[in-house]
Amino acid sequence: MLNNIESLKNEILALQASTEAQVEELRIKYLSKKGAISQLMNDFRNVPADQKRELGVKLNELKTLATETINNLKAAAQAKEASDSAAALDLTRTAAPLPMGSRHPLNIVRNEIVDIFSRLGFSLAEGPEIEDDWHVFGSMNFPADHPARDMQDTFFIQRNPADVLLRTHTSSVQARVMEHTKPPIRVVCPGRVYRNEAISARAHCFFHQVEALYVDRNVSFADLKQALLFFAREMFGPETQIRLRPSYFPFTEPSAEMDISCNICGGKGCAFCKHTGWVEILGCGMVDPAVLEACGIDSTVYTGYALGMGIERITNLKYRVNDLRLFSENDVRFLDEFVSAR
Ligand code: DAH
């Protein structure tokens, strides 16, 4: 037995392996249940009692030696395999492209509108989406029994005593700015608004608007018209024509709606403009003196104009998106179409 131990020891000291698979073969050969060392352990039972002590120590030493040797060979083989595969890496290969996100089309158009007005000297103003009755309706000269205050049109969060609601238009931001700012005031107010509508291709329970407000001494309807023409041409191209039709809003007097020459057929008439050559894009007017007074501005000294438009409407015209629901579904196939747009 002693001879066997000695010869196995020499064998183990000389072991070599270059792959993990080879190391595994060695482990099976020496250390598995049926391996050479286990075999010796079995034979050990038959060793005469007076030799047990000496042989037992030797046998244990052999087992430790085999375990350590094989572990070392395994670590070396793993390190070698790792460095071989690192050498196979081609560091000059171009990197895999990172998938690029895109801006939402409504954000692209919102930024463009704000940008155009900022070139006319307007600065950005924003207000809360959860509003009170006063800022959405009261200050904007809506009579107490106006149908917009009806639950059918407005989402109320809390009714009496204080009405808390989701704003139905960005005109509420006008009131907030006028309350706290002395004229001259020149602000552009983009934001999300909510109305109690059934969702369809043409209506949604939330959408987006941009409001613009200019209050100063001697602001006239001619100033409004000039700003509108500038906006329309910046947004839809230098050939764009505008047309103002008389209209009514509680917060402006006189009021108008603005059409632009249809940018799809160039004004010749097509299905989009219902063969009129014109498409409506916004509401506007001179701020009603009652609104100025309600917000603490002296209407005998100051006048102002205001305008408001739906961002979805402008986006539809620019990008021909015909179903409003696409804007809130977040379908990546739709959003991906705007990757190159800014
Ligand atoms: N608030 C109006 C709406 O929600 C849009 C609007 C029209 C805003 C005329 C204005 C304006 O400031 O002067 O339909």
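Select helix 5 (residues 105–118) and helix 10 (residues 311–319), whose axes come within 9 Å and cross at roughly 100 degrees; helices are DSSP runs of H or I with at least four residues, strands are runs of E with at least two, and both are numbered from the N terminus. The axes are lines fitted to C-alpha atoms over the stretch in contact, with angles from 0 to 180 degrees between N-to-C directions. Helix 5 is therefore roughly perpendicular to helix 10, a term for angles of 65 to 115 degrees.

The model is predicted: local features need pLDDT of at least 70 and side-chain atom pairs pLDDT 80 or more, whereas totals for chains, interfaces and linings use all residues. Residues are numbered from 1 along each chain as its sequence is written, and side-chain values use heavy atoms, without hydrogens and water.

Now move to the ligand. Of the 15 residues around the ligand, His-169, Arg-195, Gln-209, Glu-211 and Ala-306 come nearest, where a residue counts if one of its heavy atoms lies within 4 Å. Helix 7 (171–180), strand 6 (206–216), strand 9 (278–287) and strand 10 (303–310) each supply at least two residues of this shell.

Finally, select Ser-171, where a side-chain N or O atom is 3.1 Å from a ligand nitrogen. In Gln-174, a side-chain N or O atom is 3.1 Å from a ligand oxygen. At Ala-306, a polar backbone atom lies 3.1 Å from an oxygen of the ligand.

Terms used. Parallel < 35°, antiparallel > 145°, perpendicular 65-115°, else oblique. Polar contact = N/O pair within 3.5 Å; in protein donor to acceptor, adjacent residues only side chain to side chain.
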